[in-house]
Amino acid sequence: MGLGTGNPFNWLESIMGESTATDVAAGKGLSSAEAARRLKQYGPNALEEKKVSFVRMLFGYFWGPIPWMIEVAAILSATVRHWSDFAVIMALLFFNAGIGFWQEYTAGNAVSALKKELAQKARVLRDGQWQVLDAASLVPGDIVRIRLGDVVPADVKLIAGEYLSVDQSALTGESLPVTKKLGEEIFSGTIVKQGEVMAEVTATGKNTRFGKTAGLVAQAKTVSHFQKAVLTIGDYLIYVSLVLVAVLILVQLHRHVPWLELVQFALILTVASIPVAMPAVLSMTMAVGAMLLSKKKAIVTRLESIEEMASMDILCSDKTGTLTQNKLTLGEVETFRAADAQEVLLMASLASREEDRDAIDEAVMQGLQDTSRLQTFKQVKFIPFDPVRKRTEATVRDADNNIFMVTKGAPQVIMEMAQLSPEDKRRANEVVDGFAAKGYRALGVGMMREGDRHWTFLGILSLFDPPREDSAQTIARAEKYGVQVKMVTGDNLSIARQTAAKLDLGQNILKSEILDKAGKEGNPNSILGEEIEKADGFAEVFPEHKFAIVRILQGRGHITGMTGDGVNDAPALKQADVGVAVSGATDAARAAADLVLTSPGLSVIITAIEEARRIFERMNSYAIYRISETIRIMFFVVLAMIFFNFYPITAIMIILLAFFNDIPIMTIAYDHTGLEKDPVRWDMHQVISVATAMGIVGVLGSFGMLLIAIDWLHLTVPEIQTYVFLKMAVAGHLVLFVARTKDHFWKKPWPSPIMIWSTVITKIAATLLAAYGFGFITPISWPEIGLIWLYSIFSAVVTDWVKVQVYRHRLHRGKRHESFIARLKQPFHFMGTRGQ
């Protein structure tokens, strides 16, 4: 039974007889010419993939409102021959474009990874010869050979052979292999566990069941809350900046300032104030977090999902292979005519064939305490399970040369063969029903000795898919962090409830029918939507149901996660805010997921949630810092120009200030932060309130410093500009430490060493630049530099005090609001009780 070319009848005759083989292969398969014609008609047996050209992707980062402003500022700098400004502005433009391009270029594509799930090679009957061809060249009508261990290369219909047992768990979520008979279809991507058949290809590529699932993945789209937060912050800063710049331009034009110089300064000021680099800084913060997670056996495939994970409040978990081991295990054994449970297991083992590596056979044999007893018996004949007989059967010879037969299979079949008494039959049915209620699969065992007229009913075995050892503990830890776990499975309701009971998940398990009804309503806020929200899990679901569950929960305002391991989970993994592919997941699930676990179990998810919340705190701190800095710089510069009629800081200083700030800002990704016990979300009102208060304090502090420079130190305008530059550089870095915590900045958790050293180095660099100029700026004296440092430290302490007061005010107001809502509910609750 090799894979090479040759006469197809040799293999066919061995499994089905000469006449059947002749009938099937009479046409000698498709000719190469006909196959080529059909390949042109139906297309390759592969999934479509949309690609964006390299040049178009790169050019996209130089096109848009913010890049336009930077480009115009560069052109104006060149026009007035300010070449140092031009060089720095162009460096800023290419830096931002490079960061964005690299992230997109290295991003994975879920559909392209799904293609890897298809079988790479296939045995095809072409031109009367068996050939090994690329699966991509298969066309409808091809005759293929499929046997144990093969990945089915396309949707096919069985046309010759006895039977085929296939593992569809990666496609349908079913725990047990499914037996297929002649005339039935099996699907692309499933794995053959038993049997050997010939089949005719019925669908290829995107028309297969696998291809349609991939199409559903491609349709799944969700806008990250990280992107929404960045847009909200960006919009706020853009509006503030544009209004102030417009006021500045009108006032300065009224004063007859040269318009070319004014526009150039206004553009540079706007670009420096708008958070051009904010997406890059936040992405780097998440990238560093992703590297930490990879060391803890969790690989991040989409950076934004880290922020979503910190906010996640519902985790939908696939049962088979995720909460459970996806491994059949022997349960209780009920004896009838056997001496004990071990005798039932011995006879069941003799009715198995170890080399077939059947899941049921392996579970039975593992329950046998003394496997050496099997050596005293010899299988004379073995008949494998088939869907008609619904049982296996073996003829066995013992050590004394006595011949007997054993069988195992569907309990009703074995009971009928044994012709049980009414009392035994009633008891057997009760046992089977009891196992079913627990979610167990029942297996009857019987034997018949030579001379016996009927089979002897020995007993009934139970099989189940046990939970993972750490699943219950993981679920409890998740709930401790405010994350509700919902089980989602394709298994029946009884099995789902039994598994849920073992995991302490609750018994409110709903059938998939409610999802169909909710889908027709199309309203996640309906009563059905509320039932789905309150459910502990869902049973008998298909891929489209999992997809719908995530959509409905998202529609009800939940940040939803989904774990899974098979192709069937891929659409929901892609749609979810956080898709988690567990250890051993298929390539399809990994490609659609945001987080891929590389160690067994789910416990690493909790570690990922903890790290994600720390990363979120770092991003939140940076957002507050960036907004307060924009307010501090924009309001001070514009108002100073209006009131004092000179530039308090030059264009090149603004750009240098931006670069000096970027270095310590990047280290915020390594900062030490606290850990929130509940899901965290972007609270834009709080972020903007705190940042605005800090920014206003900074503006007042800058004006105080400016008045000291003018009225007390009597500095020249170039010296004042250097004076203001150093004050903004030193105070700006100190504000970074103030923004990183909700408490006073000198309390734990303290900043990371790299963050401290980066700020120290950049402060020293800014100080040396102010002291010596180096041809860029006018130097000032060391006593003036010392005064700036002392004033900046005092200003940081005042800013910190204001920040803490704002946080406390918002906390107390939030508690008062919750108390008010609770009091409002009390009388209505009382009236509702009376009405009942």
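Phe404 counts as buried, at 4% relative accessibility. Buried means under 20% relative accessible area, exposed over 50%, and partly exposed in between (1.4 Å probe, protein chains only). Phe377 is partly exposed, at 21%.

This is a predicted model: local features need pLDDT of at least 70, side-chain atom pairs count only at pLDDT 80 or more, and totals for chains, interfaces and linings use all residues. Residues are numbered from 1 along each chain as its sequence is written, and side-chain values use heavy atoms, with hydrogens and water left out.

## Ring pairs

Phe377 and Phe404 form an edge-to-face aromatic pair, 6.0 Å centre to centre, with 90 degrees between the planes. Rings of Phe, Tyr and Trp (its six-membered ring) pair if their centres lie within 6.5 Å; planes under 30 degrees apart count as stacked, over 60 as edge-to-face and the rest as tilted. Phe377 lies in the loop between α16 and β12 (378–383) and Phe404 in strand β14, so the pair ties together parts that are 27 residues apart in sequence. Helices (H or I, at least four residues) and strands (E, at least two) are DSSP runs, numbered from the N terminus.

Phe745 and Trp746 also pair edge-to-face, at 5.3 Å and 75 degrees. Phe745 is partly exposed at 25%, and Trp746 is partly exposed at 46%. Ring pairs also link Phe435, Tyr440 and Phe464 into a cluster. The count comes to 10 aromatic pairs.

## Charges over rings

The charged end of Arg449 sits over the ring of Phe404, 5.8 Å from its centre. The rule asks for NZ of Lys or CZ of Arg within 6 Å of the ring centre and within 35 degrees of the ring normal. Lys748 sits over the ring of Trp750 in this way, at 5.2 Å.

## Helix α16

Helix α16 spans residues 359–366. Its buried residues are Ile360, Asp361, Ala363, Val364 and Met365. They pack against β11, α15, β14, β15 and β16.

## Nonpolar cores

The largest nonpolar core has 132 residues. Such a core is a set of buried Ala, Val, Leu, Ile, Met, Phe, Trp, Tyr and Cys residues joined through side-chain atoms within 4.5 Å. Phe265, Leu269, Leu597 and Phe725 touch the most other members. Helix α26 (603–644) gives the most to this core, with 22 residues. A second, separate core of 27 residues includes Leu528 and Met562.

## The whole chain

The chain has 31 helices and 22 strands. Buried residues make up 53% of its 836 residues.

Technical notes. Contact means heavy atoms within 4.5 Å.
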